[in-house]
Amino acid sequence: MDLRTWLLDSHTDLRSKLTGAVVRQVPAERWAEQADGGGSSITWLLLHLARHHDLALTTAVRDHEPLFVEHRTALGLDGSAPGAGLTEREDHALSLAVDPDALVAYVDAVFDASRHWLEHLSVMALDITPDVPHRLERRAHLPTDDLDWLYGMWTGRTVAWLVQWPVIGHGNAHLGEAISVRNRLGISPF
């Protein structure tokens, strides 16, 4: 199996599990709940996962404005900072503002766009190191001061890394966390 096939399979698997094990299992009216009185909510995990996925592929790799910009109003996040949803620690007030239907639409748009891009990806492109700082500043208007950790983590990385970590690895880590939240909310299908 070549790397592109593995990435496509992993991307498909992540989306399938996220939809089947979390989105369809937990009623949307419970997404903003913090299980056990703390930690991240499903709303936050979906937003956070999609924001990183979107920024990595749409902006850092493909040099386009993040899809978040066109979904921001529908999400209920018009007045939020450019880095909304990127931190590991949940901003619960932000999560409460998010419209669940719009969140699903944003997550779907991110997965659809990245799937389309991955299907047409040249394996040679995986070794390219994009100018991440320039693209995050110019396309996403992300302040380097507030998000120095993100710039530090992504700068100097290849396209392969930007797909493997922010999309696949990071996505699966938060998928596991969302499944744990689902279970702690008492909604395990097992």
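Which side chain meets arginine 15 in a salt bridge? Select aspartate 108: the two side chains meet at 3.3 Å, N to O. Keep in mind that this is a predicted model. The pair ties together distant parts of the chain, with arginine 15 in helix α1 (residues 3–23) and aspartate 108 in helix α5, 93 residues apart. Arginine 15 is partly exposed at 23% relative accessible area, and aspartate 108 is partly exposed too, at 30%.

Helix α2 (residues 42–61) packs against helix α5 (residues 100–119) at about 35 degrees, axes 10 Å apart, and the crossing is left-handed. To see the contact, show side chains including Leu46, Ala50 and Leu57 of α2 and Val107, Phe111 and Trp117 of α5. The contact residues come out as 12 nonpolar, 3 polar and 2 charged.

Next, pick arginine 184 and aspartate 36, whose side chains form a salt bridge at 2.5 Å, N to O. Arginine 184 belongs to helix α8 (residues 159–184), while aspartate 36 sits in the loop between α1 and α2, 148 residues away. Aspartate 36 is exposed at 64%; arginine 184 is partly exposed at 38%.

Last stop: aspartate 63 and arginine 139, bridged at 3.3 Å, N to O. Aspartate 63 lies in the loop between α2 and α3, arginine 139 in helix α6 (residues 132–140). Aspartate 63 counts as buried because its relative accessibility, 17%, is under 20%.

Key: Residues are numbered from 1 along each chain as its sequence is written. This is a predicted model: local features need pLDDT of at least 70, side-chain atom pairs count only at pLDDT 80 or more; totals for chains, interfaces and linings use all residues. Side-chain values use heavy atoms; hydrogens and water are left out. Axes are lines fitted to C-alpha atoms, for helices over the stretch in contact, and angles run from 0 to 180 degrees between N-to-C directions. Helices (H or I, at least four residues) and strands (E, at least two) are DSSP runs, numbered from the N terminus. A crossing is left-handed if the near helix is turned anticlockwise from the far one by less than a right angle, and right-handed if clockwise. Contact means heavy atoms within 4.5 Å. Ala, Val, Leu, Ile, Met, Phe, Trp, Tyr, Cys and Pro count as nonpolar, Asp, Glu, Lys and Arg as charged, and the others, Gly among them, as polar. A salt bridge is a side-chain nitrogen of Lys or Arg within 4 Å of a carboxyl oxygen of Asp or Glu. Buried means under 20% relative accessible area, exposed over 50%, partly exposed in between (1.4 Å probe, protein chains only).
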